[in-house]
Amino acid sequence: MADEIDEMDEIISDFVVEAEESLEKIDPLFVELETKGHDKDMLNEIFRSMHTIKGAAGFLGFQHIVDVAHKAESIMKKLRDDEMQVSTPVMDVILKSVDMLRLLLQHIKAKDGKTEDTTALQAELDAALTGAPVQTLQTPSQPQAAVQEAPAAGRQKSVNGPAADAAQENTLSGGTEPEPKKDDVRIPEVVHAQPAASSEADHHAAEERAVAAAQTKEPSQTLRIDVDKVDKVMDLAGEIVLVRNRLMNIGNYLEEKYSGDSYVESLMGTVSFLDLVTSDMQLAVMKMRMQPLKKVFSKFPRLVRDLSNNIGKDIELIITGEGTEVDRAVIEHIGDPMVHIIRNSVDHAIETPEVRQKMGKPTKGRVSITAFQQGNQIIIEVADDGKGIDVERVKKKALEKALITEDEAQRMNDESAVNLIFMPGFSTMDVATELSGRGVGMDVVKTNISKLNGYVEVRTVKNVGTTFRINIPLTLAIIHALMVRARDNQYAIPLAPIEETLKVAVKDIENVSGQKVLVVRGKVLPLFELSDILGYGTGQGNEYRYVVVIAIGDRRFCIAVDELLGQEEVVIKTVEGIDTNAAFIVGATITGDGKVVLIIDLAGMSRNVLGLKKM
Amino acid sequence: MFDLKMKILVVDDFSTMRRIVKNILKQLGYENIEEAEDGAQGFSKLKTGGFHFVVSDWNMPNMDGLEMLTKIRSDPELKDLPVLMVTAEAEKDKVVTAIKAGVNNYVVKPFTAEILKEKMDKIAERLGK
């Protein structure tokens, strides 16, 4: 008896997982349909989704799901078979059904015994099926209501064609002259867009298209595995990396001491082989956990659509590089910060169509999300062509809230000042709007991203736009690091942001208004003693310093240490119980010779030492 | 009555559905069950031999139930294989087409173990088993 119950439980949870996935897959289709109009394949996909969920739910006795899915399925069938026209009110009702199904599935998942009242939605679905004017019981906002009146008045709002666009603009702006025709090539709203952005993005988009073309559609062999199992393997892989490091260390020592001994030679050969295999395994394990960013990005088109409709703005979302793969942990935690940034763009940055028109900007605002891999990093950029961040206002607010001093405000350049928005307690809009919660959020964004060992920066140009750049390391747990000694302590500096290392004579280090600087390849860079920054004070009587040149985003600076100890691949272990942010460390590792070494947080350190805030 | 040891193929593109049908078959006492996720995969599995019964969904990507049935009926080795079509309430019109193509019986989802037994017994009866 117990077995049957377990079996049932498993079947139900499988059903929930699959149903949710199915709904997730069709989400972006809705927005695409609004611009493409009638696309039989997409309509069929949505139909099949409803059909399949209805089928399984029927067996498992989830009547509410059956009812909603059944009605939605019937509508989709008519749309697919061309017996009914695709229109915004109809798609809205289907979207509502998707939301309701998600809600119902969540209740099942949570086993909370709760359910939802679907009578109102079912009535709407019935109305839509019979072609009656769709009476929505909640009107989200004025523009939406105006659009719904139109069909009744005889202007069928179909979603494609220049005439319809003119009609839409008409209702939105309240009766101005409709544009005679739409100029320009229609840019598909989502996903397959031609990026107008930087050449970096262009290159990656081209690469992507090539890959997509080369892939043939084959039914894939997949396996459903518990995340815990994969994590366990990852942990073990990490331990093996540490063991390998130790072996190599011991091997090197033995090789020096007993050079020529055949056993030692053998050992070295075997250790080398182990090295290769470990690297391969690491890569393979890492890839196991990687998934395309599409999983996160797929809900954005709808988000932007709903948000912009709610406040009467016209915004298109262009996504490039959604095929870029990242670690699962990133997939889980990058969504929230991105939603926040997107909401800010839609809510605060992009102007209303009227304002934009007056400024000579296209009335359609644009938010573009670009993701690509750059060496060991994943870069995600969220850019808008809105009004930009008012840097002066930011500085003023920061002063008011005593986050910076007068002096700092004076010395601060625009690039640094705009990154003030990431400080806690900071809000560029003191008036709360329902959309962005309390308007405070950027520091939460920063915190969430630093949890992924990444960092975020913002660039802005007044009236032109703003770009948020999120930078996340490819592997969360294992990185290449440069080991250094500062006074009596050994530290690990992540290799990726290191541009070069130099040995300089102390007399070559200049001093400009109390700040040490070094001229590196013709550029003057600020220089800091690592032991200074970490609070150990400067050493004395050195003739030479070893200097590590760091480049993070647009910031470049130098860190001076006593000795360079070589590169090592290290496993980052988190350190609990201390304020790692304040201590400028991302974690610790165990080196090849068994020592515990702290790993430096370069991003956090750079923000501090380059004068953005005093702790 | 069919032999409880017979090998059955369950074809459906939704894995939860396959699980559910498999469960119901097990409740009826059948243990030898295999799965396929669309008509194409189903047909190739059948070609490997040894199957005595097919339970198939009708609406599947790649190759749907009707196509698979047609292939089965035109294959010299498989032409007499009993096929039970699983259909949704709204697809009753497809049943006629299916019968013309040679399906043995159809069952509407959701169904219980009793209903499935009835349908299978009917097929057995007609086949003189």
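Reader: In what order do the elements of chain B run from the N terminus on?

Author: This is a predicted model, and DSSP runs give chain B five helices and five strands. Going from the N terminus, the elements of chain B read β-α-β-α-β-α-β-α-β-α.

Reader: And what is the order of the five strands in the sheet of chain B?

Author: The sheet is open, with parallel pairing. Its edges are strand S2 (33-36) and strand S5 (105-109) of chain B, each pairing on one side only. From one strand to the next the twist averages 20 degrees. Reading across, the order is S2-S1-S3-S4-S5.

Reader: Let's zoom in on one pair: which residue is the bridge partner of B:Val11 in S3(B)?

Author: Strand S1 (residues 8-11) and strand S3 (residues 53-57) of chain B pair in the parallel sense, over four bridges. For B:Val11, the partner in S3(B) is B:Ser56.

Reader: Over in chain A, are helix H2 and helix H3 roughly parallel or roughly antiparallel?

Author: The axes of H2 (residues 40-60) and H3 (residues 63-80) of chain A come within 8 Å and cross at roughly 155 degrees. Angles over 145 count as roughly antiparallel, so H2(A) lies against H3(A) in a sense that is roughly antiparallel.

Reader: How many nonpolar residues are in the contact of H2(A) with H3(A)?

Author: H2(A) passes H3(A) in a left-handed crossing. Among the contact residues are A:Leu43, A:Ile46 and A:Phe47 of H2(A) and A:Ile65, A:Val66 and A:Ala69 of H3(A). By class, four residues are polar and five charged, while the nonpolar ones number twelve.

How values were computed. Residues are numbered from 1 along each chain as its sequence is written. Chains are lettered from A and ligands numbered from 1 in the order in which they are written. This is a predicted model: local features need pLDDT of at least 70, side-chain atom pairs count only at pLDDT 80 or more; totals for chains, interfaces and linings use all residues. Two strands pair if DSSP finds at least two bridges between them. Helices (H or I, at least four residues) and strands (E, at least two) are DSSP runs, numbered from the N terminus. Axes are lines fitted to C-alpha atoms, for helices over the stretch in contact, and angles run from 0 to 180 degrees between N-to-C directions. Angles under 35 degrees count as roughly parallel, over 145 as roughly antiparallel, 65 to 115 as roughly perpendicular and the rest as oblique. A crossing is left-handed if the near helix is turned anticlockwise from the far one by less than a right angle, and right-handed if clockwise. Two residues are in contact if their C-beta atoms, placed from the backbone, lie within 7 Å. Ala, Val, Leu, Ile, Met, Phe, Trp, Tyr, Cys and Pro count as nonpolar, Asp, Glu, Lys and Arg as charged, and the others, Gly among them, as polar.
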